[in-house]
Amino acid sequence: MASSGIILNNYYAERLCSPSRAALLTGKYPIRLGLQHYVIRANEATALPLEEKVLPQYLKELGYSTHLVGKWHLGYHKKEYTPTYRGFDSFFGYYNGFIDYYDYTHFDESSIRFPEVAINLFLGGHRNFGASKHQIPEAVYRVWGMVSALDRSVGDVFQALHNKGMLSNTVLIFSSDNGGETNETIGGYSSNYPLRGKKYHVWEGGIRIPGFIWSPLLQLQEPRVSMQLMHVTDWLPTLYSAAGGVMKHLGNIDGHSMWEAFLNNTESPHQEILHNIDPIDNLAALRMGDFILVYGNMESGTESWSGHRVLEGMRQPESMDEWVYINGSTTREILYQIKSYLPKVPDSWREQTEVRCKRSRSTSIKCSPAEKPCLFHITEDPCEINNIADSFPEKVQLMLEALKDYEKKAVKPQSKDPDPHGDPMCHGFAYVPWMDPEHISDCPFF
């Protein structure tokens with residue numbers, strides 16, 4: 001699908017799951033929702049605010065049915081905060097993060113595991129919580145097994161849409177919600193190579209993410225690797241526009257519709273992206289044109305480059321396309337049938353997506369964001385090696401002033417300690433909206 005769609009090669013999300021999901025559904029930066037600090041943990045009475053109108057509610061007004069499969073991760077302490085009360089006609093999935101991909105249990109800091117309902121569909125390669133090697137196909141390990149399952153699941157969905165004759169009017173989007181976790185001691189086996197940083201960082205490795213959009217409605221004649229600047233907040237207005245909605249009905253949001261830019265291959269309406277302002281962690285990051293400014297409590301040395309190329313030690317095939325498709329591909333076969341497989345030359349579309357560092361990390365110019373802001377020309381230096389703050393003091397000052405303006409729109413982070421009344425042991429070993437009257441009880445376990 002990516003090879004026959006638009007690959008989003010300049011696309012950003014938030015550094016963690018809950019903030020990205022909130023931004024996706026509201027079109028607003030997490031600082032405006034109180035979700036700028038961390039994920040919403042199990043039993044935490046934090047949620048996407050009820051006053052926020054979200055994507056499925058907008059789509060229902062345009063006549064669509066709306067369904068959610070997979071992870072919610074936006075709060076559930078009262079039923080009003082759960083998906084079917086927020087515009088979704090149905091929900092089949094789980095409320096929390098940190099879910100085992102095979103037995104669907106939730107993993108918390110005490111290492112106690114409780115079951116959650118889930119489905120083997122749309123599974124992303126987050127962290128490998130609790131999965132042992134015998135659970136994963138013999139040919140792959142850890143995250144490879146998750147990606148393999150994801151690949152098959154997406155093929156099944158594509159096949160189902162084709163069988164129902166729905167592909168011609170389908171918009172299919174693939175997106176991560178943050179950079180990969182690379183710390184193997186906590187179950188991270190991802191790679192953000194060659195970008196700096198990882199999940200939880202506002203370095204590029206934590207927020208610049210893979211994504212693409214595929215649809216016959218785009219009327220593409222050849223594969224496209226887009227360098228149009230895009231943020232996860234843009235999906236709400238983009239999909240609303242594609243569905244025929246009027247932009248003024250979305251009110252004061254931060255996202256922009258990318259639909260016309262996709263159709264006409266024109267410049268992105270984005271010139272600026274707020275990556276975050278977190279007053280608890282004391283960090284901030286802003287993209288303005290070709291520049292990115294970062295400051296606050298972050299790793300500052302070469303240790304913040306993490307991850308591997310993944311293919312080290314492997315004999316490289318002459319053609320990656322031919323290697324990937326050696327055992328066939330359901331999706332590619334369908335694309336051929338509907339005359340929508342666009343690559344003319346194998347691998348050419350892949351080569352256009354590669355990120356290359358022009359300097360090595362050993363020659364990096366010192367950046368200590370906890371001491372003073374660091375500035376990078378991100379289009380020329382995507383690996384954030386060359387700190388040019390001292391050479392462009394006016395740009396640094398301009399971007400600091402912009403961050404002050406954003407800070408005026410911010411609300412206090414909602415983050416709270418988990419509420420023991422929400423412990424599954426108090427509710428038949430299930431995660432429930434524990435503050436609803438029907439679930440309030442005297443729990444004997446604390």
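Reader: Leaving aside neighbours within four places in sequence, which residues is Gly206 in contact with?
Author: Happy to start there: this is a predicted model, in which local features need pLDDT of at least 70, side-chain atom pairs count only at pLDDT 80 or more, and totals for chains, interfaces and linings use all residues. Residues are numbered from 1 along each chain as its sequence is written, and side-chain values use heavy atoms, with hydrogens and water left out. Gly206 sits in helix 4 (residues 204–207); helices (H or I, at least four residues) and strands (E, at least two) are DSSP runs, numbered from the N terminus. Taking contact as heavy atoms within 4.5 Å, the partners of Gly206 beyond those neighbours are Glu14, Arg15, Asn178, Gly179, Arg196, Gly197, Lys198, Lys199 and His201.

Reader: Is Gly206 buried or exposed?
Author: The scale is relative accessible area with a 1.4 Å probe on protein chains only: buried is under 20%, exposed over 50%, and partly exposed in between. Gly206 has a relative accessibility of 0%, so it counts as buried.

Reader: How far apart in space are Gly206 and Arg196, C-alpha to C-alpha?
Author: Arg196 is one of the contacts of Gly206. The two residues are 10 apart in sequence, and their C-alpha atoms are separated by 7.9 Å.

Reader: Which peptide bond is cis, with omega near 0°?
Author: Most peptide bonds are trans. Look at Pro194, in the loop between strand 7 and helix 4. The cis bond runs from Tyr193 to Pro194.

Reader: Which residues of strand 8 are buried on each side?
Author: In a regular strand the side chains alternate between the two faces of the sheet. Strand 8 (residues 211–214) is covered on both faces. One side holds buried Gly211 and Ile213, and the other holds buried Phe212 and Trp214.

Reader: Which residue stands opposite Phe212 in strand 8?
Author: Two strands pair if DSSP finds at least two bridges between them. Strand 1 (residues 6–8) pairs with strand 8 in the antiparallel sense over 2 bridges, with Ile6 opposite Ile213. Strand 7 (residues 172–175) is also antiparallel to strand 8, over 4 bridges. Here the residue facing Phe212 is Phe174.

Reader: How many residues of strand 13 are buried?
Author: Strand 13 (residues 291–296) joins antiparallel strand 12 (residues 283–288) through 6 bridges. Strand 13 also pairs with strand 14 (residues 374–377) in the antiparallel sense over 4 bridges, where Phe291 stands opposite His377. Strand 13 is mostly covered, and of its 6 residues the buried number is 5.

Reader: Which residue takes a positive phi in the hairpin of strand 12 and strand 13?
Author: Within this pairing, Arg287 is the bridge partner of Ile292. The hairpin has 2 residues between the strands, and the one with phi near 60° is Gly289.

Reader: What is the phi of Gln219?
Author: Most residues other than glycine have a negative phi. Gln219 lies in the loop between strand 8 and strand 9 (224–226) and is exposed, with a relative accessible area of 64%. Although not a glycine, Gln219 has a positive phi of about 55°.

Reader: How much space lies in the second largest pocket?
Author: On a 1 Å grid over the protein atoms alone, a pocket is an open set of points where a 1.4 Å probe fits, with protein on both sides within 12 Å along at least five of seven lines; lining residues have an atom within 4 Å of a point. This pocket is lined by 16 residues, with Arg208, Met227, Val355, Thr379 and Pro382 nearest its centre. Grid points are joined across faces, edges and corners, and a volume is the space filled by probe spheres set on the points. On that basis, the second largest pocket holds about 210 Å³.
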